[in-house]
Amino acid sequence: NNKTITMKIAVLAALVSAVAAFAPSNQVQRPATELAAERREFLSQAAALAGAAAFAPAANAIRDFDTVGYLGGSNIVDVNNANVRVYLKMPGLYPTVAGKIVSNGPYKSVGDLYNIPGLTGAEKELIKKYESRFTAYPPSADYVIDIINNGLYR
């Protein structure tokens with residue numbers, strides 16, 4: 001009963017909307033020249049907006065780590081961000097001393113390397129030998145995550 005009434009109302013609404021779609025509209029037809037002028041106005045505004053966007057100032061976002069050269073691409077090594085394999089370039093440091101360096105950071109200065117627990121006198125001498133090639137920049141999360149294992153295997 002209630003379902004029947006609801007169904008009849010739904011059918012009636014569908015019929016009315018279908019008939020309304022085909023009924024003539026009371027809108028006044030605009031001349032083609034008026035439509036063309038409206039289109040030209042729209043396109044000129046769109047072109048002006050596109051031109052302004054083309055000459056927008058550059059976004060000065062940091063796209064790369066400022067000191068990326070110290071991650072192994074130069075003679076200077078950042079002890080807080082460089083991967084353990086960078087120390088392969090310095091004979092005697094890899095793997096033992098290099099492992100201790102990357103495992104005990106971050107360091108405020110290169111001098112903090114001498115405070116690594118468990119360093120032997122010979123290991124301190126090796127660090128002293130290469131001390132001029134070390135620097136200590138603040139740790140960057142992008143690189144610290146790979147400091148011990150960067151996924152490169154033989």
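Helices (H or I, at least four residues) and strands (E, at least two) are DSSP runs, numbered from the N terminus. The structure is a predicted model, in which local features need pLDDT of at least 70 and side-chain atom pairs count only at pLDDT 80 or more, while totals for chains, interfaces and linings use all residues. Residues are numbered from 1 along each chain as its sequence is written, and side-chain values use heavy atoms, with hydrogens and water left out.

The protein has five helices and two strands, which follow the pattern α-α-β-α-α-β-α along the sequence. Of its 154 residues, 21% are buried, where buried means under 20% relative accessible area, exposed over 50%, and partly exposed in between (1.4 Å probe, protein chains only). The protein exposes about 11,500 Å², with carbon and sulfur atoms supplying 61% of that area; accessible areas come from the Shrake-Rupley method with a 1.4 Å probe, and for residues only the protein chains shown count as cover. Among contacts (heavy atoms within 4.5 Å) between residues at least 6 apart in sequence, 58% join residues at least 24 apart.

Next comes strand S2, which covers residues 134-135 and includes Thr135. Thr135 counts as buried because its relative accessibility is 18%. Setting aside residues up to four places away in sequence, Thr135 touches Tyr70, Ile76, Val77, Asp78, Val79 and Val110.

Phe134, along with Tyr87, Ile101 and Leu113, has the most contacts inside the largest nonpolar core, a group of 21 residues. Helix H3 (96-103) and helix H4 (121-130) each supply at least two residues of this core, and the largest share, four residues, comes from H3. A nonpolar core is a set of buried Ala, Val, Leu, Ile, Met, Phe, Trp, Tyr and Cys residues joined through side-chain atoms within 4.5 Å. Beyond its neighbours within four places in sequence, Tyr87 is in contact with Val77, Val79, Leu93, Tyr94, Ala98, Ile101, Val102 and Phe134.

Val11 belongs to H1 (residues 2-22) and counts as partly exposed because its relative accessibility is 46%.
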